[in-house]
Amino acid sequence: MLASTPTIDRLIRDSRLPRSEAELLLRTLLGCERAHLVAHADDGLESSNARAVQAWFARRWDGEPISYITRRREFYSLALNVDPGVLIPRAETEQLVDLALERLPRGSSARVLELGTGSGAIAVALASLRAGLKITAADVSEAALRTARRNALEHAVEIEFVRSDWFESIEPGPFDLVVSNPPYVAAADPHLELGDLRFEPRLALVGGVDGLACLRKIAEGARRFLRSGGALLLEHGYDQGETCPALLRGLGFAEVADHHDLAGLPRVTTCVWRG
Ligand code: GLN
């Protein structure tokens, strides 16, 4: 007699993962909605699919981020490709996109520069919502640029991608807006040994000893690349809500304001260059 295949419900329970995580992995593998899993909870799963999802469950059990297992992540309602060569886009970063959109009215043909684009999440979201923008997105990592290009292609948006170490290979502009979610975690921060961060590229996370090295570099460079009246928007760490604005004021930026994320933590500094 053939061994019976495990039911969907049994697979989920045997995973020992939080149900929501097990369901998300299973839904992604099968390409179905949650309603399908519920409706078919007592049906057996074809054995190749069962084995495949059990392998995913085991990886998740070992701590691997869900988005690196599925290679997908939703950001600003866009399905994006992600892989271990890029930071996993966070919900907090949607706030950075919102603040940029506020400064980029519909129909705007502003020149926008995104530094450290990673998966391309910010640039692709901006391009999808504001078709007229001229966006340049840069990253020092060739692997990240491959993923970002693929995301732009899948969402049918036009973005100029440049391999650049911050401003090093960027044409003079000037830009109307510079935006970045740079690495801002301090090198010795114990969070680096926890959760998803353990699996993400250090290059995308660590901003030197104090976490401010990249923020500082971007802010310094932005003074030469922004037109007068242009804006700089920077995501920063939850504990940099004072140091990041102070850094920008110190460099001569005006209208420096800090914004909290949905969790109520300081997360984004916005400012204007009037040089
Ligand atoms: N927001 C990420 C975290 O602390 C860090 C990303 C970054 O350095 N830009 O989980």
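This is a predicted model: local features need pLDDT of at least 70, side-chain atom pairs count only at pLDDT 80 or more; totals for chains, interfaces and linings use all residues.

Let me begin with a question: which residue has a polar side-chain atom 2.8 Å from a nitrogen atom of the ligand? The residue is Y184.

A polar backbone atom of P182 is 2.7 Å from a nitrogen atom of the ligand, and a polar backbone atom of L205 is 3.5 Å from an oxygen atom of the ligand. The protein covers 87% of the 300 Å² of accessible area that the ligand has on its own.

The residues around the ligand are L87, R90, N181, P182, P183, Y184, V185, L197, A204 and L205. Sorted by class, this shell comprises eight nonpolar residues, one polar and one charged.

I now turn to the protein chain as a whole. Its secondary structure consists of 11 helices and nine strands. Of its 275 residues, 50% are buried. Along the principal axes, the C-alpha atoms fill a box of roughly 80 × 40 × 30 Å. Among contacts with a separation of 6 or more, 62% are between residues 24 or more positions apart.

Finally, I would draw your attention to helix α6, which spans residues 92-102. Which of its residues are buried? They are T93, Q95, L96, V97, L99, A100 and L101. The elements covering these buried residues include helix α7 (121-129) and the strands β1 (72-75), β6 (175-180), β7 (226-235), β8 (254-260) and β9 (266-273).

Thank you for your attention.

Definitions and conventions: Residues are numbered from 1 along each chain as its sequence is written. Side-chain values use heavy atoms; hydrogens and water are left out. A residue is near a molecule or strand if one of its heavy atoms lies within 4 Å of it. A polar contact is a pair of N or O atoms within 3.5 Å; within protein, one must be able to donate a hydrogen and the other to accept it, and residues adjacent in sequence count only if both atoms are side-chain atoms. Accessible areas come from the Shrake-Rupley method with a 1.4 Å probe; for residues, only the protein chains shown count as cover. Ala, Val, Leu, Ile, Met, Phe, Trp, Tyr, Cys and Pro count as nonpolar, Asp, Glu, Lys and Arg as charged, and the others, Gly among them, as polar. Buried means under 20% relative accessible area, exposed over 50%, partly exposed in between (1.4 Å probe, protein chains only). Helices (H or I, at least four residues) and strands (E, at least two) are DSSP runs, numbered from the N terminus. Contact means heavy atoms within 4.5 Å.
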